[in-house]
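My notes are below, in the order in which I checked things.

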Amino acid sequence: MIARIAAKAHWAIRPAAEDALRLGSLALYLPAAFALRLVMLGKPAFQSDEQFYLVVGQRMAAGALPYVDIWDRKPWGLFAIFRGVYALPFDPVLTYQLLGLASSVLTALVIERIARRIAPPRAARMAGLAYLIWQPVFNVALGQSPVFYNLPVALAALIVLDARLKPCDPLLARRGMEAMLLIGLALQIKYSAVFEGLAFGLLLLARGRADGWTAARLAITGIAWITAALAPTGAVLLGYVWAGHGEAFVQANFLSILGRSTDHADAFAQLGKECLAMFPFALAVILAPRRLSPVRGERPATLPDLRLWALASIGGFLIFGTWYDHYLGPVLVPLCILAAPALARTAKGERWYGRLLMGLGLIGAIAVPVAQVIERGTAAEFAATTRAIAAELHGRCLYVYEGDSALYRTTGACIPTRFAYPSHLNAMNEAGALGISPQAEVRRILASRPGVIVVSETGRPNQPNVETRTLVTAALHRDYERYQVASLGERRYGLWRLKSAPRG
């Protein structure tokens, strides 16, 4: 009798305790995330991808159709998020950045909840904080795609991990559908979530097999789960086919990545730096468990599944061979969870694993954004460049051959090409991925005689497309005059106007 009363009291108290824990974590995560991102907020060109997504969102609000009117290989769902920014009556830059911050905080809360399975509550809370700290280190703190798709992936993981610990659960098929629908949403933000989805699907099938499911039941349920994961993408594809643009959708979303080449020297240099930066995680996740005694969590049997998730996310990072820093965004989620036991250490000689992880992360979270602002410039510098360009357009389009695509948004200028992301036409690695000839497209752009052309006068990170650059350089010296050099941080851009443009 006493045992039954104690058990009932435990389950009555537990929800209230969990609510208090979540509120305490939220009270920690929100101000921490805001403080770590403060130097980035309001900067319209802080990161090249994010500013382009916002341009796409703006043009979608004006009626443009991704892949048809403005090209990129990212899924439609990511652009829908940035289109949604323009449904709100606030500054679009701050809006998407605060939406990203909110998504990161929610993801940290899910990380904490999962980490409690293998570590004490305090350490689990630190695991969520570690995620928020390490995001800025890899330039994935505001509007990069992992900021948004890590949340549905983490929620899917939570469902799968719970299902794995419930033998003979009559709701396993339904739980799997819920998890795969979340993966489907993640796929519409970034297709690389397929690797986590595959891992989760295998774990769910393994649970079914352990429960005695027949081969036929495993196959039928597995097909249903796959269908659920592909449903959001299939719905978007059908919409494009219905509108007569199915070919454009398939080329951008599925075929273009096959035509993209890699600057291997640059890629391996980036990978080396990223491996060095991830060294604290290697110590906390690989070395610490081998050298230290286990710590208590709610569900320690979850550990092998978490490791499989981490391996899947690392595989998704490595397989494409480009290894940009923000590609590590999805890797951070399972690694922060797996680091939770190391963060639980308080004994002398043991706590340095967690302190190193949090300390180096905090240094990087401060240093990297500051370096980005120094390199890319301030909002005031960008506003000055916008004014200098807008004054010389005279009703013509702007062409940013090299520079910030955000200039299309801030000047309100028309875009003379559907390849508005500058690297698509100025970088050699994209030449075979566009489905058209970059040289022919640049000739067509130049023939339309844009009012202002922007070109870089400082170094560029990618191997240039020499042929398109030759075409632009010839047109600039023949038909244009450089009227200003714009300074955006450490970068310098030549602003060239048509020689025949009227002067007001």
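**Entry 1: ground rules.** I am working on a predicted model, in which local features need pLDDT of at least 70 and side-chain atom pairs count only at pLDDT 80 or more, while totals for chains, interfaces and linings use all residues. I number residues from 1 along each chain as its sequence is written, and side-chain values use heavy atoms, with hydrogens and water left out.

**Entry 2: whole chain.** I counted 21 helices and four strands; these are DSSP runs, numbered from the N terminus (helices H or I, at least four residues; strands E, at least two). For 504 residues a compact globule would have a radius of gyration near 23 Å, and the chain, at 25 Å, agrees with that. The radius is taken over C-alpha atoms, and the globule rule is 2.2 Å times the number of residues to the power 0.38. I noted a C-alpha trace that spans about 95 × 55 × 45 Å along its principal axes.

Buried residues make up 54% of the 504, where buried means under 20% relative accessible area, exposed over 50%, and partly exposed in between (1.4 Å probe, protein chains only). Of the contacts (heavy atoms within 4.5 Å) between residues at least 6 apart in sequence, 77% join residues at least 24 apart.

**Entry 3: the sheet.** I looked up the strand order and found an open sheet of four strands, E1-E2-E4-E3, with mixed pairing. Two strands pair if DSSP finds at least two bridges between them. Strand E1 (398-400) and strand E3 (480-488) are at the edges with a single partner strand each, so one side of each has no neighbour in the sheet. From one strand to the next the twist averages 20 degrees. E1 and strand E2 (residues 452-456) run parallel and are joined by three bridges. I also looked up Tyr399, whose bridge partner in E2 is Ile453.

Which helix lies across the strands E1, E2, E3 and E4? I found helix H17 (residues 379-390), running at about 165 degrees to E3. Axes are lines fitted to C-alpha atoms, for helices over the stretch in contact, and angles run from 0 to 180 degrees between N-to-C directions.

**Entry 4: cysteines.** With a disulfide taken as a pair of cysteine sulfur atoms within 2.5 Å, I count one. Cys397 is joined to Cys414, S to S 1.9 Å. The link is left-handed, with -115 degrees about the S-S bond. Cys397 is in the loop between H17 and E1, and Cys414 in the loop between helix H18 (406-411) and helix H19 (423-426), so the pair ties together parts 17 residues apart in sequence. Cys397 counts as buried at 19% relative accessibility, whereas Cys414 counts as partly exposed at 34%.

I then checked Cys275: the closest cysteine sulfur is in Cys336, 17 Å away, which is too far for a bond.

**Entry 5: Asp211.** I placed Asp211 in the loop between helix H8 (194-210) and helix H9 (215-242). Asp211 is buried, with a relative accessible area of 17%. Leaving aside neighbours within four places in sequence, I listed its contacts as Lys166, Pro167, Cys168, Asp169 and Leu172. Of these contacts, I looked up Cys168, which is exposed at 58%.

**Entry 6: Ala265.** Ala265 sits in helix H11 (residues 264-277) and is exposed, at 61% relative accessible area. I took its C-alpha separation from Gln439, 174 residues apart along the chain, as 25 Å.
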